[in-house]
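Thanks for coming. Please have a look at the structure first.

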Amino acid sequence: MQGAARRRPFPAAAPGSPQPAGTLYPGRHGAVKNEDTFKTSPFHFDLWFYFTLQNWVLDFGRPIAMIILPLEWFPLNKPSAGDYFHMAYNVITPFLLLKLIERSPKTLPRSMVYVSIIMFVMGASIHLVGDSVNHRLIFSGYQHHLSVRENPIIKNLKPETLIDSFELLYYYDEYLGHSMWYIPFFLILFIYFTGCFTPVEEESRMPVAALLLMGPSSLYYWYLVTEGQIFILYIFTFFAMMALVMHQKRKGLVLDSNGLFLFYSFIITLVLIALWVGWLWNDKILRKKYPGVIYIPEPWAFYTLHMNNLHAAKESL
């Protein structure tokens, strides 16, 4: 063609020679990146350790810090220590999830990851407000084992439309906030899990560090599922993991150390949930608050019903 420079074709690589990173291979379903081929992925001890530590301190520890620290330090009309813990959690957890995705040996769908992170932050922030008010109500006699309308401090509110406002707050805290928080959280974990497969049997072993972290990690997931009332979401995620493991096994692929850590943590979590439900199976008061086929009491409802009364009895002696 006149006036147009002809493009040179890329020189063909010699047979057996390594291809440059990012080379596109034409295939039946389009181009496939060379970086999507299987790579070795060592156990991410630093990320899993930080992840477990901040979960225990900033999530599980926030209501405990709010109860233990003196009210003079954090008045009821100001954010509590637990609220500051929650704020830190809302910043640190998305960062750790992004770093975890970055270390995946497989290229994962970035758009889905980013949207999930955005929803996670929104849901956790909504939960921050609702949870802050609901936990502060404990100091006024609010009992978590009772519904909003059955609580003594709520029954006598005038006008009665205020009760609707507290039910709206409870909805934002326990339903909308939890859904927007936990659905993207488990989705990101599952997306990461899809890249934790390797054709090398020797890589399907967990180091001692992974075994040490498995207990605290599983116990936290138990708290997350029971307190967040997200058993359906958890069990569907776990079933999806099992289905993926069986599907990849037919291809000759096995889980690497990070995949085994996550998968076994979910298995232990299921055992802990079964023990928790079995222990409280005949609790008539908690049965009233959690009717239906799926009966999984919240740990804080158990605390306000049994442990809080035990503490009050000891103080009266």
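The helix α5 gives the largest share of the lining of the largest cavity, five residues. Helices here are DSSP runs of H or I with at least four residues, strands are runs of E with at least two, and both are numbered from the N terminus. This is a predicted model, in which local features need pLDDT of at least 70 and side-chain atom pairs count only at pLDDT 80 or more, while totals for chains, interfaces and linings use all residues. Residues are numbered from 1 along each chain as its sequence is written, and side-chain values use heavy atoms, with hydrogens and water left out.

A word on the method. A cavity is a set of points, on a 1 Å grid over the protein atoms alone, where a 1.4 Å probe fits but cannot get out, and lining residues have an atom within 4 Å of a point. Points are joined across faces, edges and corners, and the volume is the space filled by probe spheres set on them. That rule gives four cavities of 30 Å³ or more.

The largest cavity has about 180 Å³. Its lining comprises 20 residues, and H127, D131, H135, E174 and E227 lie nearest the centre. Two or more lining residues come from each of α1 (45-68), α3 (110-136), α5 (161-193), α6 (208-228) and α10 (299-316). What classes do the lining residues of the largest cavity divide into? Eight are charged, six polar and six nonpolar. Here Asp, Glu, Lys and Arg count as charged, Ala, Val, Leu, Ile, Met, Phe, Trp, Tyr, Cys and Pro as nonpolar, and the others, Gly among them, as polar.

Next, the second largest cavity, with about 70 Å³ of space. Its lining consists of R62, P63, M66, S80, G82, D83, H86, L128, D131, S132 and H135. By class, five are polar, three nonpolar and three charged. D131 and H135 are in this lining, and they are also among the residues nearest the centre of the largest cavity.

Finally, the fold. There are 10 helices and four strands, in the order β-β-α-α-α-α-α-β-α-α-β-α-α-α from the N terminus. Among contacts (heavy atoms within 4.5 Å) between residues at least 6 apart in sequence, 75% join residues at least 24 apart.

Note on methods: On a 1 Å grid over the protein atoms alone, a cavity is a set of points where a 1.4 Å probe fits but cannot get out, and a pocket is an open set with protein on both sides within 12 Å along at least five of seven lines; lining residues have an atom within 4 Å of a point.
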